[in-house]
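Here is a friendly walk through one protein model, written to be read beside the sequence and the 3D view. Please have both open as you go.

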Amino acid sequence: MWPALEGQLLDRVAGRFSRVETRQRFTRFLRGMLAELPRKTCWSIAEHAGETSPDGMQHLLNRACWDTEGVAADLRRFVAGHLGEPDGVLIVDESGDLKKGEHTVGVQRQYTGTAGRVENAQVAVYLAYASRHGHALIDRELYLPRSWAEEPDRRAAAGVPAEVEFATKPALATTMITRAVEAGVPAGWAAGDEVYGADPDLRAQLETLQLGYVLGIGCNRRVTVHGARGGVRMRVDQVTAGLAEHCWTRYSAGAGAKGPRFYEWAFVALHPDDGPGHRWLLIRRHPEHGELAYYRCYAPQPAPLTELVRVAGTRWRIEESFQATKTLTGLDEHQVRRWSSWRRWTLIAMAAHALLAVFTTAARTRHPSPTDLIPLTCNETARLLNRLISSPIRSLASALSWSHWRRRHQHRARTSHYRRRPET
């Protein structure tokens, strides 16, 4: 089953490469991203693939001629074809990678949830697709701070295209969601945290696209509720304080690592001042310590509380996708500095994870787990794949070539203060 799925994805993207050698190297790079390597770099992936130096892999990321955005479109179609459902959820969130120096594209001191504080980091916004079948990342956009967007020399050195301008994280999310919907990705909902729920332009675009949404908002945000004389603007924490105890219902937000994640939920219908459709304030309360979370919700058609809870719980799937792509397919292990190299590395990492996600879903369907075992996971799929199917394409000749290559470069380091360059 794995060779068939891998072949399906590779056949889909084959036309995006101008040379057969580039396509074959892309295949080896993809398989290297799935391999159990101590750290995934162009060096380790090239050695795993049996190549005698990292030059070819670095060339694939930086200068080789292939349609990166075309492959990204093929990836979206591949995921939608296997995991798609009409009520699927498009989820947006950002993720940061800690970096040293100031030359890697997009790097500056900024807040990143990866560290939980302000650090020297590169931040990107990702789009995940989630349904009852599974979930995977399907798009990404690098956040380019103003310090980069407004400095021509830095842009030129990192290869940032002239048409790329400064855009906020919600604006990047809007672009990716629109791209997915226009490409025919089946979805009925969008989800995101407070960064995205606070942006009126994103919400307006989702409504234009006829997508329902469940977006987190802060406790100080105001909504329009029904009052004795029409709409009344109130802070969401004030609305919540006025709810009676019978307004709360206990539902699971989905399965977690320790079983169903039960919370207490309430929702309040909002005044239709903001336009057509149906709008709610959704509140989640922790059953033990009472911590509250708030969501602004919209749907073109009426939706029950259980559906809003399902979408709110589905948002955590993107966190699982981040963990899987960083742990299994090297999403955050790149050593690239340039714009196009970053886009290609992240795309191949997402494609590798999508293969794992689709295969895991197919295996669960064909061979359901016994009731006393947890269902098959992407982590277990990757482990089995590396044990049973994949193996390093190495021979004694390639091993000797790498030994010679290392010794030659180590000699240069000792004699001419040579330092290994970034993977561009």
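Predicted model: local features only at pLDDT ≥ 70, side-chain atom pairs only at ≥ 80, totals over all residues.

Over which residues does pLDDT stay under 50? The stretch is 392-396, for which the model has seven contacts beyond four places in sequence; a contact means heavy atoms within 4.5 Å. Here pLDDT is the predictor's confidence in each residue, from 0 to 100. The protein averages a pLDDT of 89, and 91% of the residues score at least 70.

Residues are numbered from 1 along each chain as its sequence is written, and side-chain values use heavy atoms, with hydrogens and water left out.

**The cores**

A nonpolar core is a set of buried Ala, Val, Leu, Ile, Met, Phe, Trp, Tyr and Cys residues joined through side-chain atoms within 4.5 Å. Buried means under 20% relative accessible area, exposed over 50%, and partly exposed in between (1.4 Å probe, protein chains only). The largest such core has 111 residues, and F29 and I177 have the most contacts inside it. Helix α14 (residues 339-366) gives this core its largest share, 16 residues. Helices (H or I, at least four residues) and strands (E, at least two) are DSSP runs, numbered from the N terminus. A second, separate core of 12 residues includes V236, V239, L270 and L281.

Beyond four places in sequence, F29 touches C42, I45, M57, L60, L61, W345 and I348.

**Aromatic pairs**

Rings of Phe, Tyr and Trp (its six-membered ring) pair if their centres lie within 6.5 Å; planes under 30 degrees apart count as stacked, over 60 as edge-to-face and the rest as tilted. The count comes to 10 aromatic pairs. Two of them are set out here.

| Pair | Centre to centre | Angle between planes | Type |
|---|---|---|---|
| F29 and W345 | 5.6 Å | 90° | edge-to-face |
| W265 and Y295 | 6.4 Å | 35° | tilted |

F29 sits in helix α2 (residues 20-34) and W345 in helix α14, 316 residues apart, and the pair links these distant parts of the chain. Both F29 and W345 are buried. W265 belongs to strand β10 (residues 259-269) and Y295 to strand β12 (residues 292-299), so their pair ties together parts that are 30 residues apart in sequence. W265 is buried at a relative accessible area of 1%, and Y295 is buried at 9%. Ring pairs also link F17, F26 and W66 into a cluster.

In strand β1 (residues 89-98), eight of the 10 residues are buried. Strands pair if DSSP finds at least two bridges between them. β1 runs antiparallel to β3 (residues 117-130), with 10 bridges, and D93 stands opposite Y126 in β3. β1 runs parallel to β5, with three bridges, and L90 stands opposite A190 in β5.

The loop between α8 and β5 holds V185, which is buried at 8% relative accessibility. Leaving aside neighbours within four places in sequence, V185 is in contact with R76, A80, L90, Y129 and A180. G188 is in the loop between α8 (169-182) and β5 (189-192), and its contacts beyond four places in sequence are P86, D87, G88, L211 and G212.

**Cysteines**

The structure holds zero disulfides (pairs of cysteine sulfur atoms within 2.5 Å). For C65, the nearest cysteine sulfur, that of C42, is 18 Å away. C65 counts as exposed at 53% relative accessibility, whereas C378 counts as buried at 17%.
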